[in-house]
Amino acid sequence: MSVWRTPGGGRIDRTQRRKFRFDGRDYQGVAGDTLASALLANGVHLVGRSFKYHRPRGLLSAGAEEPNGLVTVRRDAARVTPNLRATQVELYEGLDALSQNRWPSLQFDVGRINDWLSPLFPAGFYYKTFMWPKGAWKSLYEPVIRRAAGLGVAPTEPDPDRYAQCYAHCDVLVAGGGAAGLAAALAAADEGARVILCDEQNEFGGALLSDPQATINGAGGQAWVDQALAELSANPRVTLLARTTAFGYFPHNLLGLNERLTDHLSAPPAGRARERLWQVRARSVVLATGAIERPVVFPGNDRPGILLAGAARTFLNRYGVRVGTRAVLVTAGDDAYQAALDLHAAGVSIAAVADLRPQAEGALPTAARRAGIEVLTSATVLGTLGGLRVNEIVLGELDGTGGVRRKRTVRCDAVLMSGGYTPSVHLFSQSRGKLAWNEPLQAFLPDRSAERERSVGACRGIYDLAGVIDDGFAAGAEAASGRSGRRRSVSAHSAGGDGSAFLGAVPLAGASSDKSFVDWQHDVTVKDLLLATREGFRSIEHVKRFTTTGMATDQGKTSNLNALSIVAGALEVPIPQVGLTSFRMPYTPTTFGSFAGASRGDLFDPVRKTPMHDWAATEGAVFEDVGLWKRARYFPRGGEGMHEAVARECLAVRSACGIFDASTLGKIEVVGADAAEFLNRLYVNNWSNLAVGRCRYGILCREDGFVYDDGVVARLAPDRFHVTTTTGGAARVLAMMEDYRQTEWPELAVWLASTTEQWAVIAVQGPKSRDLLQGLVEDIDIGAAALPHMSVAHGRICGVPGMVMRVSFSGELGFEVNVPADYGLGVWRAIHARGEKDITPYGTETMHVLRAEKGYIIVGQDTDGTVTPDDAGLAWAIGKSKADFVGKRSLQRASMHAPMRKQLVGLKSRDGRTILEEGAQVAEIPGQKPPMRLIGHVSSSYYSACLAHPIALALVAGGRARMGTTLYVPMPGGDIEVEVVPPVFYDPSGARIHA
Amino acid sequence: MLLISCPYCGDRPEIEFTYGGQAHLVRPADPSALDDQQWAEYLYMRTNTKGVHAERWRHARGCGRFFNALRDTTTDRFAATYKIGAARPDPAASEPTPGTAR
Amino acid sequence: MLEPLARIPPAFSSTSWMNPLPPATRLLFFADRAARAAAAGAFPMPVTEEACRAHADGARACLWLGPDEYLLLAPAEPGAARVQAALTAAVGPLPHALVDISHRQVAFEIHGPLAAQILNGACALDLDPAGFPVGMCTRTALAKADVVLWRTEVHRFHVEVWRSFSPYVTALLTEIAGALPAAH
Ligand SMILES: [Zn+2]
């Protein structure tokens with residue numbers, strides 16, 4: 001054991017050694033250590049370099065608020081976690097940690113030059129400096145700043161760990177497992193409530209874990225904690241979550257908890273989740289988040305070895321580590337004397353206590369004097385000295401007239417400081433609760449709750465142990481039952497609780513040439529804050545952004561109130577008037593993995609496959625994503641690329657027969673006596689005159705008159721329509737229909753059901769399709785007379801009950817066979833087998849080419865939310881006799897008929913071979929230089945194998961009046977000349993479709 | 001994630017709902033009788049309430065029903081949820097959701 | 001007549017806590033109150049008026065999905081047409097609608113003492129038996145998929161999911177179950 005480790009006591013097991021590595025050097029700690037306590041036990045105080053000035057830094061705290069001791073922990077190349085607080089990293093055998101923000105080494109850091117150059121780097125430096133020349137920002141300033149900025153380095157490999165998530169509900173969620181939280185959980189459990197108690201640390205107990213003087217009911221505080229935990233863990237309605245940070249408080253009592261499951265293990269079991277994200281909806285919330293000790297702002301207050309008094313006490317009592325051999329305490333309250341007394345008792349010499357108050361006559365100062373410790377009152381700190389560790393502190397006694405009476409340099413290797421406590425109101429504030437300034441405690445305390453929530457104990461300014469526990473009991477019972485029943489009480493005592501506080505910089509801090517730090521993590525000094533006020537910033541929100549105080553990963557846990565006080569002092573206004581910045585989630589940095597949970601890789605999104613998917617996969621189809629669906633795009637043969645395959649598939653459909661999986665098409669069954677009336681009101685078409693057994697191409701507009709979706713609608717019965725939608729539009733069309741049905745026309749007897757997945761849809765298209773299907777269908781006459789284009793019939797297909805629609809999106813004679821989904825693959829196989837050499841499976845790419853040859857639009861590709869039916873050349877579909885339909889009134893506006901609206905046209909490259917780029921712009925005048933006058937854009941473009949030239953659809957201003965004219969598609973290589981032609985390139989008479 | 005009370009199913013998490021914009025807008029019985037200005041008012045003009053706002057929600061991943069809600073846009077508190085067709089309730093008369101002063 | 005083809009439902013791998021349910025007849029039944037009352041004898045079971053509740057009788061069940069929307073479950077044979085005919089006859093001209101969705105979705109069960117915990121890995125509802133008792137059913141979300149969740153026993157849930165989402169849902173639940181402490 002080292003000289004720094006005490007011989008006994010604390011929550012560590014000295015018999016269990018733990019080897020670990022820090023910055024490549026091997027050390028030894030013991031079970032129960034944090035990385036911070038283990039480093040201190042090895043005499044290592046220097047743990048990092050500061051963000052801006054690269055000053056050497058040591059541990060400031062022993063907990064979540066730690067601004068300096070940020071480390072990267074690595075298990076292997078992929079398991080690298082930056083920005084962990086060494087005070088929260090539990091030591092395990094083989095732990096490998098690296099300090100951050102230094103180059104080349106902690107002991108010698110080149111960036112330290114920033115500290116000497118610091119007059120050049122005042123607050124707002126970046127805003128003011130890198131303004132000129134303009135081009136230098138991108139090429140020079142930004143890359144340099146980016147390299148210098150930031151904390152830690154993100155791992156470059158994918159995170160191999162597993163992250164779990166769960167939802168949970170409870171009557172009472174208690175955040176924080178110190179005395180107050182334990183008491184609240186006990187009292188809530190007494191009421192029979194479902195309770196979740198979480199604490200960010202590895203064990204419950206909070207401050208009691210490092211307070212050997214505490215007594216509860218005549219026994220030690222730890223005994224009470226043990227008893228409480230035994231009781232709680234025996235209760236099946238109580239869930240205890242250690243190593244679990246309540247990091248976010250969301251509306252309506254939803255809290256986010258991050259449970260760390262394996263980070264403390266030397267060898268996490270394979271497959272075990274590393275973290276679990278809990279989303280807890282609580283009927284009531286009890287916040288028992290404690291308080292954080294405030295540092296004292298004095299010149300040179302950031303040297304390694306200078307730390308919070310409570311932290312020194314925690315390191316000693318909980319971890320059995322002395323933070324030095326000779327310490328000075330700088331305090332403004334009584335509580336911190338206990339730290340000095342504890343260290344003194346453990347053999348650390350206390351060189352002096354510098355008490356900022358004029359008097360210190362309480363029990364603890366008295367005890368300190370009795371122990372032979374020198375107590376200086378009316379003291380101030382004029383500076384500190386030391387390279388990589390503090391070795392001297394310069395104290396002064398205030399003479400009462402703004403000067404210093406006696407100046408003294410005290411040799412020391414540790415300085416403990418305490419400016420009182422800042423209640424941790426982060427979660428309360430996140431819940432949108434209102435804070436109120438408490439003048440005696442010099443702190444913001446929870447005032448008005450926004451949620452069903454209560455703050456208890458130190459986080460609402462109650463510091464004495466008996467009061468804290470009582471507060472917890474009362475709040476726990478009330479949170480559980482709504483009544484203020486009190487079944488429990490304790491007698492308790494601990495050293496602390498006087499609540500005295502000090503804010504801002506010590507007197508005469510400004511006289512020193514050394515920096516007085518307010519925000520350790522972002523290197524913000526008193527001078528920076530004063531500069532901000534001189535520059536005219538008045539609100540703390542603005543000061544914060546100008547100086548970046550409180551904007552680091554610690555969110556200013558140790559700095560906010562001191563900053564506020566300094567700004568208020570400079571502005572000569574009361575603190576509440578300066579305001580308080582918002583607290584945001586997460587309370588401490590949280591891994592991305594925990595937010596992602598299982599939503600990664602194959603489980604990132606559902607992958608929807610049709611009943612025939614596996615067949616297509618076996619045939620070597622190349623798939624494309626359409627929404628969540630996988631659709632076969634083309635079926636390459638031999639060494640075919642996409643263009644060859646698509647050309648072959650197109651020719652096969654046009655000359656013989658193709659088979660296509662159209663199952664993803666959206667399908668909505670519209671049923672009820674008023675079904676036709678309902679569709680009349682929604683779609684632009686007239687449905688009353690559609691006979692049973694017939695189909696019609698329908699267009700759905702939004703109320704603003706623009707095309708929203710399209711699809712074939714079949715009338716299956718007088719009161720039943722089978723409406724198809726685009727693949728991507730299925731859900732939103734159904735939602736729109738439901739909206740009108742429920743909220744505008746509830747009087748109609750009509751209901752809607754999605755049947756997209758009920759049916760497998762097999763499109764059989766091509767001149768040979770009828771012959772092929774003959775013999776596979778029963779009770780259906782698919783002859784030209786019985787089943788003309790745009791009609792539907794029920795019957796059996798391959799023995800399976802289904803329906804055959806004679807529809808075509810290819811321009812050929814075609815059918816769409818609909819069978820219940822479980823039969824889809826079987827029927828597909830049967831049709832494919834029957835087709836033998838005459839049938840060719842084709843994919844979405846061929847489908848696109850075939851439809852473009854016919855000038856059929858794809859909503860969302862050839863329309864963009866500003867296209868009317870008439871713009872798309874579909875005015876013929878509008879039921880002219882209808883008094884109203886969704887969008888009709890908008891279409892009546894004069895501007896909707898303006899001749900120069902963009903209209904759908906075809907484009908043919910004049911050279912007969914250039915394939916236009918989809919999205920390319922169209923110009924009337926050639927040879928323009930930017931900014932060009934552009935009159936439209938290309939919406940679809942393909943090479944047409946059966947026409948042996950490229951084709952394109954475009955939306956062009958006044959396009960229909962431009963037939964035969966030449967337009968220009970400007971590209972980087974020059975203009976492409978195109979001829980405006982009708983959008984129907986193939987079989988304009990429609991003879992083939994009616995075959 | 002808000003907790004929203006569906007008038008049919010009770011309290012449900014926000015992920016089950018879709019938002020439907022301002023409530024109590026009724027589609028004109030005869031849009032053709034409106035001039036362009038009046039139609040534009042119906043189509044585009046919405047309030048931007050700071051405070052209690054009557055708005056539509058749909059329990060899309062639950063019972064599928066649209067319903068109306070009074071929500072305070074500054075606090076996200078729901079003063080009431082009520083079925084389509086019902087009159088807008090008096091927010092003062094209904095019990096506000098969470099929050100007890102302490 | 002052609003030989004009828006075999007049904008090929010989506011592939012499904014069972015686990016100790018999850019098993020597929022056989023194909024079934026599924027009908028969406030939309031009806032106003034009068035039509036619901038008239039249908040009661042024909043299905044044959046009462047159509048519940050209580051929100052989010054299911055009636056079950058052997059292999060048949062009637063699940064409340066919305067105030068005028070029900071999911072009717074029956075054995076796969078003799079099929080939807082038969083059920084449909086019986087209901088149509090009973091309800092007559094009263095406003096209603098029936099839609100066959102037998103193939104639209106598939107069903108599986110999650111069972112065992114961890115059932116609720118596994119589901120809560122992806123489902124945001126409170127599945128405590130006090131808040132979600134046996135007999136309760138509802139459409140809800142399992143992560144990025146919509147399902148109908150029906151508690152048939154304290155430790156048994158019936159899950160209906162659109163067929164193309166079933167691989168996602170079952171894989172997700174398997175991942176969730178694998179990460180539970182009890183799995184290690
Ligand atoms: Zn609902």
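Start by showing chain A and chain C together: six salt bridges are counted between them. Keep in mind throughout that you're looking at a predicted model.

**Stop 1: where chain A meets chain C**

To see one of these bridges, select C:Asp126 and A:Arg194, whose side chains pair up in a salt bridge at 2.6 Å, N to O. Now colour chain A by its helices and strands. Strand 8 (163–175), strand 35 (666–671), strand 39 (751–754) and helix 22 (824–835) of chain A each bring at least two residues to the side touching chain C. Strand 8 of chain A gives the most, with five residues. Sort that side of chain A by class and you get 26 nonpolar, ten polar and 15 charged residues.

How much area do chain A and chain C bury between them? About 4,000 Å², with 59% of it on carbon and sulfur atoms. Pick out A:Tyr167, A:Trp751 and A:Asp822: within chain A these lose the most area to chain C, together 19% of what that side buries. For the whole set of contacts, select 51 residues in chain A and 48 in chain C.

**Stop 2: inside chain C**

Hide chain A for now. Chain C splits into domain 1 (21–103) and domain 2 (104–184), so give each its own colour. They touch through 17 residues from domain 1 of chain C and 17 from domain 2 of chain C. The area buried between domain 1 and domain 2 of chain C is about 1,500 Å², and carbon and sulfur atoms give 58% of it. Select C:Leu21, C:Arg26 and C:His103, which supply 36% of the area that domain 1 of chain C buries against domain 2 of chain C, more than any other three residues.

Two salt bridges are counted between these domains of chain C. For a salt bridge to look at in chain C, zoom in on the side chains of C:Glu69 and C:Arg139, at 3.2 Å from N to O.

**Stop 3: two domains of chain A**

Bring chain A back, and colour domain 1 (13–116) and domain 3 (295–419), two of its domains. Their centres are 25 Å apart, taken over C-alpha atoms. In this pairing, 23 residues of domain 1 of chain A are in contact with 19 residues of domain 3 of chain A. About 1,600 Å² is buried between domain 1 and domain 3 of chain A, 65% of it from carbon and sulfur atoms.

Two salt bridges are counted here, between domain 1 and domain 3 of chain A. Now find A:Arg55 and A:Asp302, whose side chains meet in a salt bridge at 2.8 Å, N to O. Which elements of domain 1 of chain A give two or more residues to the side that touches domain 3 of chain A? They are helix 1 (35–41), strand 3 (46–49) and strand 4 (56–58) of chain A. Helix 1 of chain A has the largest share, four residues.

**Stop 4: confidence in chain B**

Finish by colouring chain B by pLDDT. Its mean is 90, and 88% of its residues reach 70 or more. Then select residues 96–102 of chain B, where pLDDT stays under 50.

Methods:
Residues numbered from 1 in each chain as written. Chains lettered and ligands numbered in written order. Predicted model: local features only at pLDDT ≥ 70, side-chain atom pairs only at ≥ 80, totals over all residues. Heavy atoms only, no water. Contact = heavy atoms within 4.5 Å. Buried area = accessible area lost by both parts, 1.4 Å probe. Salt bridge = Lys/Arg side-chain N within 4 Å of Asp/Glu carboxyl O. Nonpolar A, V, L, I, M, F, W, Y, C, P; charged D, E, K, R; others polar. pLDDT = per-residue confidence, 0-100.
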